Amino acid sequence: MGAIVVLDGAVIGEGFNQPIGANDPTAHAEIVAMRDAAARIRNYRLTGASLYVTIEPCQMCVGAMIHARIARVIYGAREPKAGAIESAMRAHEHPSLNHRMEATGGVLESDCRELIQEFFTERRRSGIA
């Protein structure tokens with residue numbers, strides 16, 4: 001899974017899933033990309049930024065996006081088990097939240113799904129999964 005953060009037409013953060021390699025359960029692509037962006041602009045608030053990600057974010061990542069004040073999340077493939085934008089829940093729409101985020105899913109969905117499936121097929125072949 002991969003993610004980028006874009007602000008004013010420029011990529012300011014990028015990341016990929018690395019919880020196993022980093023021994024960090026929070027090292028999802030979205031979190032890594034937001035950490036990178038925040039470090040680059042020296043502000044944990046990413047107001048006005050858009051986050052593009054391969055697969056529908058989980059609840060943890062949606063929560064981090066809300067705290068960072070991400071304006072928009074755009075993702076490719078839906079995640080039926082843990083997707084927190086539309087599949088398993090709509091976490092970004094909880095009435096108690098003080099920030100609203102626009103969400104667009106299904107962008108290049110078949111391409112994203114194919115990339116993810118190829119990635120996990122290769123991992124299983126190499127015995128890493």
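This report covers confidence, salt bridges and one surface patch in a predicted model.

Residues are numbered from 1 along each chain as its sequence is written. In this predicted model, local features need pLDDT of at least 70, side-chain atom pairs count only at pLDDT 80 or more, and totals for chains, interfaces and linings use all residues, while side-chain values use heavy atoms, without hydrogens or water.

**Confidence.** The chain averages a pLDDT of 94 (the predictor's confidence in each residue, from 0 to 100). At least 70 is reached by 98% of the residues. Helices (H or I, at least four residues) and strands (E, at least two) are DSSP runs, numbered from the N terminus.

**Salt bridges.** The structure holds 8. Each is a side-chain nitrogen of Lys or Arg within 4 Å of a carboxyl oxygen of Asp or Glu.

| Pair | N to O distance |
|---|---|
| D36 and R40 | 3.1 Å |
| R78 and E86 | 3.0 Å |
| R90 and E93 | 2.8 Å |

D36 and R40 are 4 residues apart in helix α2, so about one helical turn separates them. D36 is partly exposed at 22% relative accessible area (buried means under 20%, exposed over 50%, partly exposed in between; 1.4 Å probe, protein chains only). R40 is also partly exposed, at 47%. R78 and E86 belong to a salt-bridge network with E109 and R113.

**Surface patch.** I4, V11 and Y52 make a nonpolar patch of about 220 Å². Patch residues have over 30% relative accessible area and no salt bridge; like charges are joined within 9 Å, nonpolar side chains (Val, Leu, Ile, Met, Phe, Trp, Tyr) within 5 Å. Areas come from the Shrake-Rupley method with a 1.4 Å probe; for residues, only the protein chains shown count as cover. I4 lies in strand β1 (residues 2–7).
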